[in-house]
Amino acid sequence: MKALFAAGCFWGVQFYFDKLQGVETSVVGYTGGDRPNPSYEQVCSHATGHFEAIEVSYDPKKVSYEALVKYFFEIHDFEQKDGQGPDRGPQYRSAIFYGNEEEKSIAEHIVQVLTDKGYSVATLLLPAKPFYAAELYHQNYYATNGHAPYCHRFRKIF
């Protein structure tokens, strides 16, 4: 199974999702916009409508879609609008790209749980659009370079 998320700089999102049991692989890239096969520079120009995103391949016998959504909210500041940490711009917005009505319903439910807990959720819930893998130098960036994320951290909410 696959899931699509955007939570700011895709390097940190991949760093955390790759640690989650049940996640088999992940690919960072771009989705949500209209330009096919965009480059990083094109996405950063704000002319494509794309988000920096991650495509997570997971084993539903080991981790549910709901667990992925909850984890997504625990690894970034979903209350921040138009960016994550110091990274500002529409490509860094928080979004869940649902592939079907069941995924949409799960995401809406978790947003409601967070709202009931007093959070102001800026995360967008959008229908999935084509996903385009980012350039190779973006893949597994932190694992390859030995750095740690500067825009993301885990905080237990659920």
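Residues count from 1 along each chain as its sequence is written, and side-chain values use heavy atoms, with hydrogens and water left out. Since the model is predicted, local features need pLDDT of at least 70 and side-chain atom pairs count only at pLDDT 80 or more, while totals for chains, interfaces and linings use all residues.

**Cysteines.** I looked for disulfides (a pair of cysteine sulfur atoms within 2.5 Å) and got zero.

**Aromatic rings.** I searched the whole structure for aromatic pairs (Phe, Tyr and Trp rings, the six-membered one for Trp, with centres within 6.5 Å; planes under 30 degrees apart are stacked, over 60 edge-to-face, the rest tilted) and found 15. F5 and F72 are stacked, at 5.0 Å centre to centre with 25° between the planes. Both are buried (under 20% relative accessible area; exposed is over 50%, partly exposed in between; 1.4 Å probe, protein chains only).

Next I checked F78 and Y119: their centres are 5.2 Å apart and the planes stand at 65°, so this pair is edge-to-face. F78 is buried at 0%, whereas Y119 is partly exposed at 24%. One aromatic cluster includes F5, F72, F78 and Y119.

**Charge over a ring.** What lies over the face of F15? I found K19 there, 4.3 Å from the ring centre (the rule: NZ of Lys or CZ of Arg within 6 Å of the centre and within 35 degrees of the ring normal).
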